[in-house]
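Student: I have a structure open and would like to learn how to read it. Could you take me through it feature by feature?

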Amino acid sequence: MLNFWHTTRCTFNFILADKLRGPEADGLRMVRLQDLRKEKPDWIVSRTITLKGALRGEFTDECLALSYRWASPEDPDPDGWQLDELRKHLREKPAVKYVFVDFMCAPQEVRSPKDKIEFATILPNMFLLYLGCSVLVVMFDDTYMQRFWPQLEAWQSCMQGSALGLRATPKDQLRCTVVCVQKAPAMFQDDLFDRWLSRNVAEASERLGKDYIQVFKKSDKELQLQKLDHLDYLVRRAYSDEAEATPRAPEQQPAGAQGGSGSSGGLLSKVERIKEALGITAKLPKDVIAEANEQLGLEPKGGLLAQAEAVLEAL
(Lines give C-alpha, C1' and ligand atoms only; values in the text may rest on other atoms or scores of the structure.)
Protein backbone atom coordinates (compact mmCIF):
# COMPACT_ATOMS: atom_id res chain seq x y z
CA MET A 1 0.00 0.00 0.00
CA LEU A 2 1.31 3.44 -0.94
CA ASN A 3 0.47 4.89 2.47
CA PHE A 4 3.18 2.74 4.02
CA TRP A 5 5.83 3.79 1.51
CA HIS A 6 6.71 7.20 2.94
CA THR A 7 10.49 6.87 2.96
CA THR A 8 13.41 9.17 3.65
CA ARG A 9 15.19 8.72 0.31
CA CYS A 10 14.16 8.09 -3.29
CA THR A 11 15.84 8.02 -6.68
CA PHE A 12 14.07 10.26 -9.19
CA ASN A 13 14.42 10.86 -12.91
CA PHE A 14 15.46 14.41 -13.82
CA ILE A 15 15.80 16.21 -17.14
CA LEU A 16 19.11 17.94 -17.72
CA ALA A 17 18.41 21.66 -17.47
CA ASP A 18 20.83 22.52 -20.28
CA LYS A 19 18.79 20.37 -22.67
CA LEU A 20 15.69 22.41 -21.90
CA ARG A 21 17.57 25.71 -22.18
CA GLY A 22 19.04 24.89 -25.58
CA PRO A 23 17.62 25.20 -29.10
CA GLU A 24 16.99 21.45 -29.26
CA ALA A 25 13.98 22.04 -27.01
CA ASP A 26 12.44 24.76 -29.21
CA GLY A 27 8.84 23.82 -29.90
CA LEU A 28 9.02 20.94 -27.43
CA ARG A 29 5.78 19.76 -25.85
CA MET A 30 5.45 17.59 -22.77
CA VAL A 31 5.85 13.90 -23.54
CA ARG A 32 5.59 10.84 -21.32
CA LEU A 33 8.76 9.62 -19.64
CA GLN A 34 8.52 6.38 -21.61
CA ASP A 35 8.56 8.31 -24.90
CA LEU A 36 11.29 10.68 -23.75
CA ARG A 37 13.49 7.70 -22.91
CA LYS A 38 13.08 6.41 -26.44
CA GLU A 39 13.47 9.72 -28.27
CA LYS A 40 15.99 11.57 -26.11
CA PRO A 41 17.64 9.11 -23.70
CA ASP A 42 20.59 11.44 -23.10
CA TRP A 43 18.25 14.04 -21.58
CA ILE A 44 17.46 11.96 -18.50
CA VAL A 45 19.58 11.33 -15.41
CA SER A 46 18.87 9.76 -12.04
CA ARG A 47 19.46 11.55 -8.75
CA THR A 48 18.79 10.34 -5.21
CA ILE A 49 17.09 12.86 -2.93
CA THR A 50 17.27 12.23 0.82
CA LEU A 51 15.13 13.80 3.52
CA LYS A 52 18.13 14.92 5.58
CA GLY A 53 19.73 16.44 2.49
CA ALA A 54 16.47 18.17 1.60
CA LEU A 55 16.17 19.66 5.08
CA ARG A 56 19.78 20.89 4.91
CA GLY A 57 19.17 22.58 1.55
CA GLU A 58 21.67 20.39 -0.30
CA PHE A 59 19.53 20.19 -3.46
CA THR A 60 18.06 23.70 -3.60
CA ASP A 61 20.60 25.26 -5.98
CA GLU A 62 20.98 22.47 -8.53
CA CYS A 63 17.54 20.82 -8.56
CA LEU A 64 14.22 22.38 -9.55
CA ALA A 65 10.71 20.89 -9.51
CA LEU A 66 7.85 22.25 -11.58
CA SER A 67 4.44 22.66 -9.94
CA TYR A 68 1.63 23.19 -12.46
CA ARG A 69 -1.97 22.31 -13.20
CA TRP A 70 -2.60 19.44 -15.62
CA ALA A 71 -5.04 20.33 -18.39
CA SER A 72 -5.89 16.62 -18.74
CA PRO A 73 -4.35 13.27 -17.76
CA GLU A 74 -3.46 12.61 -21.40
CA ASP A 75 -1.88 16.00 -22.18
CA PRO A 76 -1.14 18.26 -19.20
CA ASP A 77 0.18 21.18 -21.27
CA PRO A 78 -1.39 21.08 -24.76
CA ASP A 79 -0.52 24.69 -25.63
CA GLY A 80 3.02 24.49 -24.27
CA TRP A 81 2.61 27.60 -22.08
CA GLN A 82 3.84 25.95 -18.90
CA LEU A 83 6.87 24.31 -20.48
CA ASP A 84 7.74 27.61 -22.17
CA GLU A 85 7.69 29.38 -18.79
CA LEU A 86 9.90 26.68 -17.34
CA ARG A 87 12.46 27.14 -20.12
CA LYS A 88 12.40 30.90 -19.63
CA HIS A 89 12.96 30.48 -15.88
CA LEU A 90 15.87 28.11 -16.45
CA ARG A 91 17.63 30.65 -18.64
CA GLU A 92 17.41 33.08 -15.70
CA LYS A 93 18.71 30.45 -13.25
CA PRO A 94 21.94 29.07 -14.72
CA ALA A 95 22.86 27.25 -11.48
CA VAL A 96 19.99 24.77 -11.95
CA LYS A 97 21.26 21.51 -13.43
CA TYR A 98 18.38 19.07 -12.96
CA VAL A 99 14.64 19.54 -13.53
CA PHE A 100 11.70 17.42 -12.41
CA VAL A 101 8.46 17.62 -14.41
CA ASP A 102 6.16 14.84 -13.21
CA PHE A 103 4.62 13.96 -16.60
CA MET A 104 8.08 13.70 -18.16
CA CYS A 105 9.92 12.18 -15.19
CA ALA A 106 7.52 9.56 -13.80
CA PRO A 107 6.02 6.74 -15.93
CA GLN A 108 2.54 7.58 -17.25
CA GLU A 109 -0.31 5.45 -18.53
CA VAL A 110 -0.18 3.00 -20.20
CA ARG A 111 2.43 1.49 -17.85
CA SER A 112 4.33 -1.77 -18.18
CA PRO A 113 4.83 -3.91 -15.04
CA LYS A 114 8.27 -2.34 -14.63
CA ASP A 115 6.78 1.15 -15.08
CA LYS A 116 4.20 0.43 -12.40
CA ILE A 117 6.89 -0.44 -9.86
CA GLU A 118 8.83 2.71 -10.69
CA PHE A 119 5.72 4.89 -10.48
CA ALA A 120 4.66 3.33 -7.16
CA THR A 121 8.09 4.21 -5.76
CA ILE A 122 8.14 7.80 -7.02
CA LEU A 123 4.58 8.96 -6.29
CA PRO A 124 4.52 8.64 -2.47
CA ASN A 125 7.96 10.20 -2.15
CA MET A 126 7.51 13.31 -4.27
CA PHE A 127 7.34 15.34 -1.06
CA LEU A 128 11.15 15.07 -1.00
CA LEU A 129 11.29 17.15 -4.18
CA TYR A 130 8.97 19.92 -3.00
CA LEU A 131 10.59 20.11 0.45
CA GLY A 132 14.17 20.08 -0.82
CA CYS A 133 14.39 21.52 -4.34
CA SER A 134 13.73 24.95 -5.74
CA VAL A 135 10.14 25.05 -7.01
CA LEU A 136 8.65 26.92 -9.95
CA VAL A 137 4.89 27.37 -9.74
CA VAL A 138 3.24 28.18 -13.08
CA MET A 139 -0.38 29.34 -13.00
CA PHE A 140 -2.33 30.09 -16.18
CA ASP A 141 -5.76 30.44 -14.50
CA ASP A 142 -7.40 30.16 -11.08
CA THR A 143 -7.85 26.39 -11.32
CA TYR A 144 -4.32 25.90 -9.93
CA MET A 145 -5.78 27.05 -6.59
CA GLN A 146 -8.44 24.32 -6.78
CA ARG A 147 -6.34 21.25 -7.63
CA PHE A 148 -5.04 18.90 -4.95
CA TRP A 149 -1.58 18.01 -6.23
CA PRO A 150 -0.56 21.60 -7.12
CA GLN A 151 -1.83 22.88 -3.77
CA LEU A 152 -0.01 20.13 -1.84
CA GLU A 153 3.18 20.94 -3.73
CA ALA A 154 2.74 24.66 -3.07
CA TRP A 155 2.32 24.08 0.67
CA GLN A 156 5.35 21.80 0.83
CA SER A 157 7.43 24.36 -1.09
CA CYS A 158 6.54 26.96 1.58
CA MET A 159 7.72 24.72 4.43
CA GLN A 160 11.08 24.04 6.03
CA GLY A 161 12.13 21.57 8.68
CA SER A 162 12.75 22.19 12.36
CA ALA A 163 13.20 20.13 15.51
CA LEU A 164 9.48 20.62 16.11
CA GLY A 165 8.49 19.47 12.61
CA LEU A 166 7.46 21.42 9.52
CA ARG A 167 7.15 25.18 9.83
CA ALA A 168 6.77 28.19 7.54
CA THR A 169 9.84 29.33 5.64
CA PRO A 170 10.72 33.01 6.17
CA LYS A 171 9.79 34.96 3.04
CA ASP A 172 13.38 35.97 2.33
CA GLN A 173 14.38 32.28 2.30
CA LEU A 174 11.58 30.88 0.14
CA ARG A 175 12.58 28.26 -2.44
CA CYS A 176 9.38 28.85 -4.39
CA THR A 177 8.93 31.19 -7.38
CA VAL A 178 5.42 31.89 -8.71
CA VAL A 179 4.78 32.88 -12.32
CA CYS A 180 1.33 33.90 -13.58
CA VAL A 181 0.65 33.61 -17.31
CA GLN A 182 -2.31 33.84 -19.68
CA LYS A 183 -5.52 34.33 -17.65
CA ALA A 184 -3.92 34.23 -14.20
CA PRO A 185 -3.72 37.69 -12.59
CA ALA A 186 -0.53 38.59 -10.74
CA MET A 187 -2.45 38.77 -7.46
CA PHE A 188 -2.40 34.96 -7.35
CA GLN A 189 1.26 35.17 -6.35
CA ASP A 190 0.31 36.80 -3.05
CA ASP A 191 -2.80 34.66 -2.71
CA LEU A 192 -0.74 31.47 -2.87
CA PHE A 193 1.64 32.55 -0.14
CA ASP A 194 -1.18 33.96 1.99
CA ARG A 195 -2.94 30.61 1.74
CA TRP A 196 -0.02 28.36 2.68
CA LEU A 197 2.81 30.18 4.45
CA SER A 198 1.15 30.20 7.85
CA ARG A 199 -0.42 26.72 7.68
CA ASN A 200 0.86 23.99 9.98
CA VAL A 201 0.31 20.32 9.16
CA ALA A 202 -3.14 20.10 10.75
CA GLU A 203 -4.34 23.29 9.03
CA ALA A 204 -2.91 22.24 5.66
CA SER A 205 -4.56 18.83 5.95
CA GLU A 206 -7.92 20.40 6.76
CA ARG A 207 -7.79 22.82 3.83
CA LEU A 208 -6.49 20.24 1.35
CA GLY A 209 -9.31 17.94 2.39
CA LYS A 210 -12.02 20.41 1.33
CA ASP A 211 -14.38 19.21 -1.40
CA TYR A 212 -13.51 22.09 -3.72
CA ILE A 213 -9.89 20.89 -3.86
CA GLN A 214 -10.19 18.53 -6.83
CA VAL A 215 -8.10 15.57 -7.93
CA PHE A 216 -8.30 13.20 -10.91
CA LYS A 217 -7.89 10.14 -8.67
CA LYS A 218 -9.66 10.40 -5.30
CA SER A 219 -7.52 7.70 -3.67
CA ASP A 220 -4.38 9.83 -4.26
CA LYS A 221 -5.88 12.59 -2.13
CA GLU A 222 -6.95 10.22 0.63
CA LEU A 223 -3.54 8.56 0.86
CA GLN A 224 -1.54 11.78 0.83
CA LEU A 225 -3.68 13.39 3.53
CA GLN A 226 -3.23 10.31 5.74
CA LYS A 227 0.53 10.69 5.44
CA LEU A 228 0.93 14.35 6.38
CA ASP A 229 1.24 13.62 10.10
CA HIS A 230 3.76 10.90 9.31
CA LEU A 231 5.77 13.36 7.24
CA ASP A 232 5.86 15.78 10.18
CA TYR A 233 7.08 12.90 12.36
CA LEU A 234 9.82 12.01 9.85
CA VAL A 235 11.05 15.62 9.91
CA ARG A 236 11.15 15.70 13.72
CA ARG A 237 12.94 12.37 13.80
CA ALA A 238 15.53 13.55 11.27
CA TYR A 239 16.42 16.49 13.52
CA SER A 240 16.41 14.30 16.63
CA ASP A 241 18.72 11.75 14.98
CA GLU A 242 21.09 14.51 13.94
CA ALA A 243 21.14 15.97 17.44
CA GLU A 244 21.88 12.56 18.94
CA ALA A 245 24.74 12.11 16.45
CA THR A 246 26.36 15.42 17.44
CA PRO A 247 29.79 14.63 18.94
CA ARG A 248 29.87 15.30 22.66
CA ALA A 249 32.65 17.42 24.12
CA PRO A 250 34.43 15.74 27.06
CA GLU A 251 33.38 16.92 30.51
CA GLN A 252 35.76 19.59 31.74
CA GLN A 253 35.04 19.19 35.45
CA PRO A 254 35.85 16.32 37.79
CA ALA A 255 33.04 14.07 38.91
CA GLY A 256 30.96 15.64 41.67
CA ALA A 257 32.02 19.20 40.85
CA GLN A 258 29.35 21.89 40.66
CA GLY A 259 28.51 22.51 37.01
CA GLY A 260 27.75 25.98 35.71
CA SER A 261 25.88 26.89 32.56
CA GLY A 262 28.87 26.80 30.25
CA SER A 263 29.30 24.67 27.15
CA SER A 264 30.88 21.60 28.77
CA GLY A 265 29.18 18.26 28.20
CA GLY A 266 27.15 16.88 25.28
CA LEU A 267 23.53 17.43 24.41
CA LEU A 268 22.09 14.77 26.70
CA SER A 269 23.94 16.00 29.79
CA LYS A 270 22.72 19.54 29.12
CA VAL A 271 19.18 18.29 28.66
CA GLU A 272 19.31 16.53 32.04
CA ARG A 273 20.48 19.73 33.73
CA ILE A 274 17.63 21.66 32.07
CA LYS A 275 15.06 19.08 33.20
CA GLU A 276 16.30 19.25 36.78
CA ALA A 277 16.43 23.04 36.87
CA LEU A 278 12.97 23.61 35.36
CA GLY A 279 11.15 20.53 36.61
CA ILE A 280 10.48 19.25 33.09
CA THR A 281 9.32 15.64 32.79
CA ALA A 282 9.47 15.23 28.99
CA LYS A 283 11.87 12.55 27.78
CA LEU A 284 12.96 13.45 24.23
CA PRO A 285 15.62 16.20 24.02
CA LYS A 286 13.61 18.16 21.47
CA ASP A 287 10.55 18.14 23.73
CA VAL A 288 12.57 19.18 26.78
CA ILE A 289 14.19 22.09 24.94
CA ALA A 290 10.90 23.18 23.37
CA GLU A 291 9.27 23.34 26.83
CA ALA A 292 12.28 25.15 28.27
CA ASN A 293 12.17 27.74 25.49
CA GLU A 294 8.49 28.28 26.17
CA GLN A 295 9.00 28.62 29.95
CA LEU A 296 11.83 31.11 29.54
CA GLY A 297 10.35 32.98 26.58
CA LEU A 298 13.31 32.17 24.34
CA GLU A 299 13.17 32.10 20.55
CA PRO A 300 14.61 28.82 19.19
CA LYS A 301 17.80 29.50 17.24
CA GLY A 302 20.13 26.94 15.72
CA GLY A 303 20.15 23.21 16.40
CA LEU A 304 19.21 21.45 19.60
CA LEU A 305 22.70 21.74 21.09
CA ALA A 306 22.81 25.51 20.50
CA GLN A 307 19.32 25.88 21.97
CA ALA A 308 20.28 23.85 25.05
CA GLU A 309 23.30 26.09 25.63
CA ALA A 310 21.09 29.19 25.28
CA VAL A 311 18.67 27.80 27.85
CA LEU A 312 21.46 27.06 30.32
CA GLU A 313 22.87 30.54 29.78
CA ALA A 314 19.46 32.03 30.62
CA LEU A 315 19.05 30.05 33.86
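Student: Let's start with Phe100: which residues is it in contact with, leaving aside its neighbours within four places in sequence?

Tutor: Contact means heavy atoms within 4.5 Å. By that rule Phe100 meets Phe12, Asn13, Phe14, Leu64, Ala65, Leu66, Cys105, Ile122, Met126, Leu129 and Tyr130. Bear in mind that this is a predicted model, where local features need pLDDT of at least 70, side-chain atom pairs count only at pLDDT 80 or more, and totals for chains, interfaces and linings use all residues. Residues are numbered from 1 along each chain as its sequence is written, and side-chain values use heavy atoms, leaving out hydrogens and water.

Student: Which residues touch the most other members of the largest nonpolar core?

Tutor: In soluble globular proteins, nonpolar side chains tend to be buried together. A nonpolar core is a set of buried Ala, Val, Leu, Ile, Met, Phe, Trp, Tyr and Cys residues joined through side-chain atoms within 4.5 Å. Buried means under 20% relative accessible area, exposed over 50%, and partly exposed in between, with a 1.4 Å probe and protein chains only. Here the largest core has 82 residues, and those touching the most other members are Phe12, Leu86, Val99, Phe100, Leu129, Met139 and Trp155. Helix H11 (residues 218-244) gives the most to this core, six residues. A second, separate core has 14 residues, including Leu278 and Val288.

Student: What is the order of the strands in the open sheet?

Tutor: Strands of a sheet pair through backbone hydrogen bonds, either parallel or antiparallel. Helices (H or I, at least four residues) and strands (E, at least two) are DSSP runs, numbered from the N terminus, and two strands pair if DSSP finds at least two bridges between them. This open sheet has six strands in the order E2-E1-E4-E3-E5-E8, with mixed pairing. At the edges are strand E2 (44-50) and strand E8 (176-180), each pairing on one side only.

Student: How many bridges join strand E3 to strand E5, and how many join E3 to E4?

Tutor: Strand E3 (residues 63-68) and strand E5 (residues 134-139) pair in the parallel sense over five bridges, with Leu136 in E5 as the bridge partner of Leu66. E3 and E4 also pair in the parallel sense, over three bridges, and Leu64 stands opposite Val99 in E4.

Student: Which way do the side chains of E3 point?

Tutor: In a regular strand the side chains alternate between the two faces of the sheet. In E3, Cys63, Ala65 and Ser67 point one way, while Leu64, Leu66 and Tyr68 point the other. Six of the six residues of E3 are buried, so this strand is largely enclosed by the rest of the structure.

Student: Where does His89 lie, and is His89 buried or exposed?

Tutor: His89 lies in helix H4 (residues 81-92). His89 is buried, because its relative accessible area is 8%. Not counting residues up to four places away in sequence, His89 touches Leu64, Leu136 and Thr177.

Student: How many disulfides does the structure hold?

Tutor: A disulfide is a pair of cysteine sulfur atoms within 2.5 Å. The structure holds zero. For Cys10, the nearest cysteine sulfur is that of Cys133, 12 Å away. Cys10 is also buried, with a relative accessible area of 4%.
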